[in-house]
Every structure is written in C-alpha cells, then in structure tokens.
Amino acid sequence: MKLWQKIFLITLAFVMIAVSAIAVLLAQSYFSSAIRQQRVGAEAQHEYYAANITNKISYERIKSNELVLPDDKIKSAITDMLSSYSGSKTGIAVYNKNSEIDSIHSDVFKSVPNFIKQVKNSESEYSIITDFNDKTYLIIGSEITLEGQSYYIFTATDITLVYTNHEIALSYIKILSIVFAVVTALMLLAVVYRLLRPLTRVNASIKRIAGGDYEARIDEKGGSEFKELASNVNIMAEAIESNVENLQNIADSRKRFIDNLAHEMKTPLTSIICFADILQIKKNITSEELRDYSGIIVEEAKRLKGLSEKLLELIVADNAELEFRDINISELLKEVENSIKPIIEKRGMKLNITPVNVIIRVDKDLFTSLLYNLIDNAVKASDEGQKIEVKCMLNDDKLTISITDNGVGMIEDDVKKITEPFYMVDKSRSRKAGGAGLGLSLCVEIVKKHNAKLNIDSAVGVGTTVSVIMPVGGGSDE
Amino acid sequence: MGGKATENKMINILIVEDDSNIAKSIEVTVSIVGYGSEICSDGKSAVDAVKSGKFDLVLLDVMLPGMNGFEVLENVKSSGIPVIFLTALGDVTEKIKGLRLGAEDYIVKPFEAMELIARIEVILRRFDKGASTLRYGDINVDVNKHKVLKGGKVVDLTPKEFSLLIFFIQNIDIAISRERLLSAVWGYEFEGESRTVDIHVQQIRKKLNLKKHLITIPKLGYRLESEE
C-alpha cells in the first residue's frame, strides 16, 4: 500500500471512530437523562395516586362513621377512584395480598407477573421498563397500607417517545457520520496529496538519476523535510555526476592513449613489414634500392625502439617507489648538461645554464629525466644555431627552473593539449627529431610526484618557456 | 622491371598517406605489379588529385592532417573511383563506418605487400579495370572467355589451373608463397594442403612448357619470371 493511502485510511479511520463515539455517547447521555426525567415524573404521579387512594379511604371511613372501613367499602372506594382516572393514559392497578382489586389500562401488567410478585414480597417500591404491544412502559409498584392491611399499587407510564427519539437521534448520527466521513475523506485526500506531492517529484527525479541522467536536479520546494531531502538528493546527484565524469574522463584518456599507442606502433611497423616483404618477394633489386629500403626499415625500427623506451620510462615514473634525496640543483643541471651536450653541439646550438645554489629534495633519476626531457624538447623545437636558456630563480620557498627556447612556438590550443600522451604539434617535425609524443606526459608525471607545477608559455615564432615550480627543502612526503 | 604485358593502359593509383615511409612502401609495392602511383600527404590535395580524373583507385589513410579520410571519401564519392581505406584503427565500428561511406575495402595496418596487391587486384577486377587479355611470351589468355592459346593453339586447363596461371601472370617476378596461392585461388576458407598447389603448378608447367620460367623458390613458393 502506498504511503498516501496509508496516511489517508488511518487518519480517516481515527477521525470517524472518534466522531462516531462522541456522537453516540452524547445521544446515550441525552437518552439516559430523558429516562431519568420520565422516571421522576412517573414516580411523582405514582405517589399522587397512592396518596389520593389513602386519602379517599380515610374520607370514606370518616363519612361512614366507622372505626375501620370494611373490605368491600375499600374495594368500592378504590374502584371509584380508578374510574375517575380513566381519562388519563396512565395504567393503574391495585392489588391486595391475594388478588387484583381493580385496574384501568391494565393489559401491560399481565406481561410482568414476576415483577408484581416481587413487589408484593418485598414491601418496598420498585420500577421496571418493559415493552408491550410495540410500546415501552415504565412500571412502578409500591405498597400502601389501607385500614391496617397491605395493598399494592402499580402505575404504568408510556415512555415510548423517549425511545423513538433516541432511535431517531441514532439514525441521524448514522447519516451525519456518513456525510461527515465523505467530506473529511475529500479534505484529507486534498491535504495528503498536497503534502506528499513533493515526494512524487523527488521520486521522479531519483528515477531519472538512477536511469543515467546524472544532470537531473530536484526543485528544492515543499515542506522543510522535503527541502532537506531534495537538497540531499541533489548533493548525491552532484557527487555521482562528478564521479561519473571523472571516470568517463579517465576512460576517455585511457582509450585515447591506447588508440594513439596503437597508431604510433603500427605506423613504423607498417613500413617495416611492407619493405621487408618487398625485399623478400621482389626480384632484381638494385643495390641502391636495397640500401634505401633497408635504411627505412632500420629508421622505423629505431622509432619503435624510442617509443618502447619512452613507454617504459612512463610506466616506471608511474609505479616506481621514489627515493627522495637532498641534492644541489646546480649539480643536477651540470649532469644534464653533460649528457645533452653531444646533441647541442651536433646541431650547432648553445645551452646557457644559470644555476643557483639550492638544495632540493627529489628523486635523482626521475628529476634528471625531467630536466633532460624539457631541454630535449627545447632542442627539437629550435632550428640549428639557436640558443636555449636555463634559469633558476628562488622566490620565498619556491624554486622556479625555466627552460626558454627561441624556436617555432605553439598556438594556445596546442599548449593546452601538449601534455596529452602522443600529442605532437608538428608530427613530421617531431618524428624527424625522433619524438614519440610522450616526453611531456612523462614530465607531467614526474612533476606531480614532486608536488611541483609545470607552466608552459609559448608564442608562435617567438619561442617557448617551460617552468617547473617546486617547493624548496622537500618534495612529496607521500 | 619485368614486363607485365597487357593491352590496357597503365593502372594509376593515388596513395593518400601522411607518413612518408609508409607512402613510399606502398609506391614500391604497387610498382612491382606495374601500376603507376602518386602520393598525397594531406586530405585537401587528395580531393583535388581525385577530381583530376587521372586515377583508377585510391588508397586512403584515415588519420590525415587537416581533413580525415572519411571526409575525403565523402568529397570524392561522386567521382565513382574505388577507394580502399588504410588505417591503424582495427576498430569494427570504424571499419563499418568506412564501408558504409562507400569504401570498397578496408586494410588494417600493418599489412604485407602481397596482401595489399591482392586486395587491389580484387577491387580492380570488380571495377573491370584489370586486363581482359593477358600475354606472357607466346601464351595468350582471354580472361573472360576462359581460353588459353599457346603459339596459336588452344591449351586445355582445368578452372583451378586457369586461375593459378592468371595469378602468376598478374604477379610476374613476385615470389608467392603456397599459402598465398591457396587463399587466392582456392579461397580463404580452403583448408587444403600445399601439396595441392604443387600438383597444379606441375600441371601448368607441363601443359604450357614453363619449366624454366615458373621456378620453385625453396622454403617459400613459386615465382613466374619475366620473359627475356
């Protein structure tokens, strides 16, 4: 059963039970007081008749001048009395110990013989309510003493009206209850619907989010609980969205990496396999062709070798346990300068290094590789005879190592993508220079491991400055 | 280079490939079977080259600078020139995309020289651009009528021997492995033994007196040498 149905039915049931109970109790108490009133009236009347009979007997005795009025005179006096009351609707009966003396409207008394016997035996006043001929009567019986003998007088008052009124009241209550129930139900429905409507909205939005629409958000409207719920759901949706986006980005960049790797491996392989096949199947190959084709095979194989070496470096940088040591940056730069010197000299270039005496805490192998790659990139971007500047600057706790070339430079769009694996601004140029497009990706990994930052500034035709900005006195504590 | 003699004009192939070494390897490969070729290293000039109408077939790399292979294909579709894609992407969806755009075939890098030649010949035959009559010395072959004349006399060949002969004449001076012959003549699904190839080659040698020209290359296969 749905929540709104439960709330609706339970509330309706409680309200109806309470209202009906109160109505019934009210009717009941009204009814009881009506009966009590009737009884008081009936008792008064009963006593009035009894007193009248007693007075009549005294009067007859004085009139007849006898000491004790004989039984037959008593009987006739009573008969006289009762006949004078025959106009009243009240039933009256008078008994002596043994039999009935006289009665009017007396049929009802025949239906309660036990009551009459009880009154006769106990000598005190009793009353009973009994149904007779579709009517309800209040019967009162009491003992009176006439001329030293016990007589019993009974009166029966018709109280049917009280009962009929009670029944009418009850049926009114029934009808009113039904009307009230319908009205209450409608109002309740409206209220419950209004109160719970935000829940439907929240539900619908959660369904959309669960269905993969991570951008869906809920209007933060409704009661304070719903506002809170909606805002929590929104927070959850945001977390999911950003996590999914992160995962998607990772998956995308993995896929790009694999696609690019496949491309970078297959391109040299294609030339190698094709030329090797040609050497195998072609007849009459001139020595010039042989040199040419095998030269290409060697060249492309070297390209593959370079690619696999860079890949290996990248994997090592990613997984290696780093060994942080305190090293003077000027020493490191000296080492890098020595190892890159042959390339610089071969291309007739100049490398100008301005070191500072600062101790940095780095993994020596990786950091050397970082500096080497950055300078190597500068060499590749430059033309023969150009100059490369390496400068160190200490600013507060930060050391900036910048490598500046006056080479081809890049447009802004290329600067953004240049750190992506396999991204090459000018493919043919960087291939000629032996690049695989992995150098800067490697640098980014190394920089990350050292809690440092990599900045690239470039302008086409002017040159490029790559800066490594790192905290002094400690690399990463990871 | 040896004479592949046909009565048709020379087949001319446009190679669209940005890697100069791959482009060169393709150029050399197609020259072995006597096709001419030109190289384009980017999409835009490729479109212009195709529209010049000089070419019978285009070998099109997918990853090109500027305009990629799919875009080039869309631009030259109307010219009706058969296009074979060359790509490093082995992705099935890429393959379907290429074929749906109207490419005739799709070759995944890296490929062997012989495979490239075989695929090109299939497409040229489909477009009826291959030779309908072939000549080798005093042997004349009518491809459509399945007829072989040696010195003017009809020589009876079984269908398989006939196909094998055509394959050799089309690939003069190329060493062809038994596996390659099996897949070219008997079909890729044929799980036959290389002995089958040997028996048929012996029959051709005998019937057409080619003992000196159709030579066995140890550990590899056979080669039909050019007439001198």
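Predicted model: local features only at pLDDT ≥ 70, side-chain atom pairs only at ≥ 80, totals over all residues.
Helices (H or I, at least four residues) and strands (E, at least two) are DSSP runs, numbered from the N terminus. Glu115(B) is partly exposed at 23% relative accessible area; buried means under 20%, exposed over 50%, and partly exposed in between (1.4 Å probe, protein chains only).

## Arg119(B) and Asp105(B)

Arg119(B) also forms a salt bridge with Asp105(B), 3.1 Å from N to O. This pair links distant parts of the chain: Arg119(B) belongs to helix H5 (residues 113-126) and Asp105(B) to strand E6 (residues 105-108), 14 residues apart. Arg119(B) is partly exposed at 21% relative accessibility, whereas Asp105(B) is buried at 17%.

## Salt bridges in chain A

Over all chains, the structure holds 34 salt bridges. In one of them, the closest N and O atoms of Glu420(A) and Arg256(A) are 3.7 Å apart. Glu420(A) sits in the loop between helix H9 (412-417) and helix H10 (427-432), and Arg256(A) in helix H5 (residues 224-281) of chain A, 164 residues apart. Glu420(A) is partly exposed at 29% relative accessible area, as is Arg256(A) at 41%.

## Basis of the values

Residues are numbered from 1 along each chain as its sequence is written, and chains are lettered from A in the order in which they are written. Side-chain values use heavy atoms, without hydrogens and water, and side-chain atom pairs count only at pLDDT 80 or more, local features needing at least 70.

Notes: Salt bridge = Lys/Arg side-chain N within 4 Å of Asp/Glu carboxyl O.
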